[in-house]
Amino acid sequence: MSSILLSNVRLGLGGPRSDVLVTGDRVAAIGAAGSNTPEGGTDVIRFDDATLVPGFVDSHVHVEQWVRNLRSIDLGAAKSPREAAMLVRDGKRGAHLTWGQGIVPALWEQAPHKHFLDELVGDVPVAVSSIDLHTTWLSSAALDLVGMRDHPTGVLRETESIETKARLAAMMPVEELDAWIEESVATLPSLGVTGLTDLAYADNVEAWQRRSRGGAVPIRVRAGIWTAWLDAAIAAGHRSGRIVPGTHGRVQVGPYKIVSDGSLNTRTAWCVDPYPHPAEAGDACGLSLVPPGQLVELMGKAWAAGLEPAVHAIGDRANHEVLDAFARVGCAGRIEHAQLVSERDMPRFAELGVIASVQPQHAVTDRDVADRHWSGRTDRAYAYRSLHAAAARLELGSDAPVSPLDPRVAIADAVFRTGDDRPAWHPEQIIPLEVAFAAAGAGRRTVAVGEPADLVVIGGDPREYDRDALRTMPVLTTIVSGTLTHRAV
Ligand SMILES: [Zn+2]
């Protein structure tokens, strides 16, 4: 069995200088720095000023959309649909379809419409994703590709948006997509990432099996399952946590993903109070996408088959209903996002054993949208401190491509809550650095003997870092399952 000795690292934030021996896929021994005499064949990595922490796990990623967005036209700067269409016109065209991403229609005076794209780009298929992924805006040529020529606006929301985007994406050859994924995933160990949960709208178990054919992927993947694939997953005997055959032990069956409401940016997150400026008449409080009775039925069916639900809930009404559903089914699981939560629902996460899977980068990027569309209730929005104080287990994610896939930024945003020169947004909701690191490590607080060797060594002492230093903290070494995946020393 191969061994790696990490010599003279701080064991956790502010921990003692230690030697940590990794043998096979486990942490085999921990002693004071200098105490370990390595056997021959051990790969010894000596550090001068470094901190060892559990590897970072991004608990919420849409891998296919993430790699596609990295190769799409960035429209985040557009202040109107016309400006966005101009950026598309001037951007780089795709071979079959041109993708744009990052629009924030919640801050636009004018709604997007297919005619803006048609006027400026002509008969070119264009698909534009909103920053929150809940809206897709298509040109007439793109609508043609999916047989929706007569769509009145070309602007799709929620389920229709997800499904149409998946159909357009499926027109790209799978080999090309997998090559993009391989290339992008290969960069993750340099950010300290040892694992992620893939919630792409796809048959993720099959996809990661395919992507593992050439060898082990350099991170652990939990492959999420959507309702469209639920029956097949149950029939195949997939259970959350089980290793997927043919993946060199790196891929596990992930959670069962359900989307219960919309999003803040699309003003479809299901809330107790009405939006001051609803996106569409009739949706004053947002949208419930799965009626509560059906939610219980689906969660119960998945849980009975060993699949743990991960339920997207953003508005306070949605969070309340989903917590009720967890109580009724009597199962453990996760709420994805938990962006607006009523005070009385905060303790229910811990009581019910529901993990709060949160994305601190959203708190930073959404602050203006939240101040506008959730005015008067932002004291309990992205309320990580309140959730932590109520004993909820927090796990961090990026929701990439909604936010960049970089756990260092997620940690910095959780402990500074600002991304620019403005003071922290609701500083009372800042969480301590140790809590943020544990949440970034999927709940692992320390490195201990016998644990899986998914580790990251950070240069210096993160406790001394300001926001920008934390966002870019140097990753010196990353180890997944006892295998070096990144080494910068
Ligand atoms: Zn998501």
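His-277 counts as partly exposed, at 40% relative accessibility; buried means under 20% relative accessible area, exposed over 50%, and partly exposed in between, with a 1.4 Å probe and protein chains only. The structure is a predicted model, in which local features need pLDDT of at least 70 and side-chain atom pairs count only at pLDDT 80 or more, whereas totals for chains, interfaces and linings use all residues. Residues are numbered from 1 along each chain as its sequence is written, and side-chain values use heavy atoms, with hydrogens and water left out.

## Surroundings of His-277

His-277 lies in the loop between strand 14 and helix 9 (292–304). Helices (H or I, at least four residues) and strands (E, at least two) are DSSP runs, numbered from the N terminus. Not counting residues up to four places away in sequence, His-277 touches Arg-267, Arg-372 and His-373, where contact means heavy atoms within 4.5 Å. Phe-326 is 49 residues from His-277 along the chain, and 31 Å separates the C-alpha atoms of the two.

Two strands pair if DSSP finds at least two bridges between them.

Strand 14 (residues 251–259) pairs with strand 15 (residues 309–313) in the parallel sense over four bridges. Within this pairing, Val-259 has His-312 in strand 15 as its bridge partner.

Distant parts of the chain are linked here: His-62 is in the loop between strand 6 and helix 1 (63–70), and Asp-399, 337 residues apart from it, is in the loop between strand 18 and helix 15 (407–416). Both His-62 and Asp-399 are buried.

## Other strand pairings

Strand 5 (residues 50–54) is mostly covered, with five of its five residues buried. Strand 9 (residues 126–130) is likewise mostly covered, with five of its five residues buried. From strand 9, Val-126, Val-128 and Ser-130 point one way and Ala-127 and Ser-129 the other way, and all are buried.

An open sheet of five strands has the order 7-8-9-10-11, with mixed pairing. The edge strands, strand 7 (73–74) and strand 11 (155–157), each pair on one side only.

| Strands | Sense | Bridges |
|---|---|---|
| Strand 1 (3–11) and strand 5 | parallel | two bridges |
| Strand 5 and strand 19 (455–459) | antiparallel | five bridges |
| Strand 8 (98–103) and strand 9 | parallel | five bridges |
| Strand 7 and strand 8 | parallel | two bridges |

In strand 5, Thr-51 is the bridge partner of Arg-10, and in strand 19, Leu-455 is that of Pro-54. Gly-100 has Val-128 in strand 9 as its bridge partner, and Ile-73 stands opposite Gly-100 in strand 8.

## Nonpolar cores and cysteines

The largest nonpolar core has 94 residues, and those with the most contacts inside it are Phe-349, Trp-374 and Ile-411. A nonpolar core is a set of buried Ala, Val, Leu, Ile, Met, Phe, Trp, Tyr and Cys residues joined through side-chain atoms within 4.5 Å. Neighbours within four places in sequence aside, Phe-349 is in contact with residues including Asn-319, Leu-323, Ile-335 and Leu-387. A second, separate core of 17 residues includes Leu-75, Ala-78, Val-88 and Val-121.

A search of the whole structure finds zero disulfides, a disulfide being a pair of cysteine sulfur atoms within 2.5 Å. Cys-271 is buried, with a relative accessible area of 2%, and Cys-331 is buried, with a relative accessible area of 3%.
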